[in-house]
Amino acid sequence: MAVHIRALSYAHNSNTQSPALDSISLDLPPGSRTVIVGPNGAGKSTLLQILAGKRLVNTADIRIKDRDVFRDSPPGVHFLGTEWAMNPVVRGDIVVSHFLDSVGGYRHKERRDKLLDILDVDLDWHMHEISDGERRRVQLVFGLMAPYDVLLLDEVTVDLDVLVREELMTFLKSDSEARGATILYATHIFDGLNDFPTHIAHMSLGSLKTAPSPWPLTPDSPLSIQFGSSTLYQVALQWLREDREYRRDLEKQGRKLRGARREEAVPSDSETFYRKYDYSH
């Protein structure tokens with residue numbers, strides 16, 4: 001298996017009653033492209049960060065290309081997350097062409113140039129002068145220009161316009177098929193994604209509700225009974241609705257409420273303070 005996880009649980013701190021990940025187990029074959037569906041807070045980013053070796057776990061069996069991600073780090077694993085574009089280093093006054101050369105872009109000229117065209121990047125941009133969306137495009141060139149065996153994508157296409165995103169996903173699909181590369185992709189944007197994955201998975205409240213299942217759905221797939229010939233967008237929307245209803249049921253049973261606190265009869269300390277010094281009326 002390209003990715004193998006058994007009995008993965010993880011908490012951001014020891015005092016929490018709701019772990020970020022709870023007993024996750026999954027297997028991804030080489031060349032698969034798996035889209036993870038789940039609401040904010042489902043644990044998708046934490047899972048990808050652990051696979052990338054960015055969060056240490058001692059009690060689970062986590063392997064990429066049959067190598068322990070912490071003790072025998074496998075080569076060819078690329079992680080692209082949203083925090084990159086906010087790093088002060090990549091927001092400095094450096095020209096994009098110099099930046100890419102500084103990280104070895106000249107060694108991967110053919111792939112780099114193809115990505116520059118797809119992502120519509122200007123090599124004369126200065127990193128501190130461009131928008132977050134443009135900076136995200138540079139990140140994708142930076143992260144994808146070297147060939148990878150396993151690619152972990154965490155919401156990095158959220159700032160891209162529809163055309164660029166669709167062209168990028170077409171490139172990633174072709175690249176995966178040509179080289180047998182494995183992609184695990186967490187996203188909330190499903191436009192133009194229907195033909196991209198070979199598998200889909202569902203996470204909610206730190207649990208894997210649906211293990212990676214073949215996509216598109218076939219008549220013998222357990223999911224086809226529920227979803228029939230639905231698109232990926234329709235499946236994702238239904239899963240997200242179910243997640244919200246399940247969380248609201250838990251809130252009725254005592255889980256901490258989200259949303260407005262309409263039942264509070266006594267003003268909070270902050271409300272009392274700001275009312276006292278509110279001169280706007």
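**Note on the predicted model: sheet, cores and selected residues**

1. Both Tyr185 and Phe196 are buried (buried means under 20% relative accessible area, exposed over 50%, partly exposed in between; 1.4 Å probe, protein chains only). The count of aromatic pairs comes to 3 (rings of Phe, Tyr and Trp, the last by its six-membered ring, pair if their centres lie within 6.5 Å; planes under 30 degrees apart are stacked, over 60 edge-to-face, the rest tilted). Tyr185 and Phe196 form an edge-to-face pair, with 6.3 Å centre to centre and 85° between the planes. Tyr185 sits in strand E8 and Phe196 in the loop between E8 and E9, so the pair ties together parts 11 residues apart in sequence.

2. Basis. This is a predicted model: local features need pLDDT of at least 70, side-chain atom pairs count only at pLDDT 80 or more, and totals for chains, interfaces and linings use all residues. Residues are numbered from 1 along each chain as its sequence is written, and side-chain values use heavy atoms, with hydrogens and water left out.

3. Overall. The protein has 8 helices and 10 strands (DSSP runs, numbered from the N terminus: helices are H or I of at least four residues, strands E of at least two). The C-alpha trace spans about 65 × 60 × 40 Å along its principal axes. Of the 281 residues, 45% are buried. Take contacts (heavy atoms within 4.5 Å) between residues at least 6 apart in sequence: 67% join residues at least 24 apart.

4. Sheet. An open sheet of 6 strands has the order E6-E7-E8-E3-E9-E10, with mixed pairing (two strands pair if DSSP finds at least two bridges between them). Strands E6 (77-80) and E10 (207-214) stand at the edges with a single partner each, so one side of each has no neighbour in the sheet. The twist averages 15° from one strand to the next. E7 (residues 150-154) and E8 (residues 182-186) run parallel, joined by 5 bridges. Asp154 has Ala186 as its bridge partner in E8.

5. Helices on the sheet. Helix H1 (residues 44-51) touches E3 (33-37), E6, E7, E8 and E9 (199-204), and its direction makes about 150° with that of E7 (axes are lines fitted to C-alpha atoms, for helices over the stretch in contact; angles run from 0 to 180 degrees between N-to-C directions). Helix H7 (residues 232-252) lies across E3, E9 and E10, at about 15° to E9.

6. Cores. In soluble globular proteins, nonpolar side chains tend to be buried together. The largest nonpolar core here has 47 residues; Leu119, Val138, Leu144, Leu168 and Leu172 touch the most other members (a core is a set of buried Ala, Val, Leu, Ile, Met, Phe, Trp, Tyr and Cys residues joined through side-chain atoms within 4.5 Å). H5 gives this core its largest share, 5 residues. Beyond four places in sequence, Leu172 touches Leu144, Tyr148, Leu151, Leu153, Ile183 and Phe196. A second, separate core of 30 residues includes Leu26, Leu152, Ala186 and Leu208.

7. Thr157. This residue is in the loop between E7 and helix H5 (162-179). Thr157 counts as buried, at 1% relative accessibility. Its side chain makes a polar contact of 2.5 Å with that of Tyr185 (a pair of N or O atoms within 3.5 Å; within protein, one must be able to donate a hydrogen and the other to accept it, and residues adjacent in sequence count only if both atoms are side-chain atoms). Beyond four places in sequence, Thr157 touches Arg165, Leu168, Met169, Tyr185, Thr187 and Ile189.

8. Thr210. This residue is in strand E10. Thr210 is buried, at 14% relative accessible area. Its contacts beyond four places in sequence are Ala201, His202, Leu223 and Trp239. Thr210 and Leu223 are 9.3 Å apart, C-alpha to C-alpha, and 13 residues apart in sequence.
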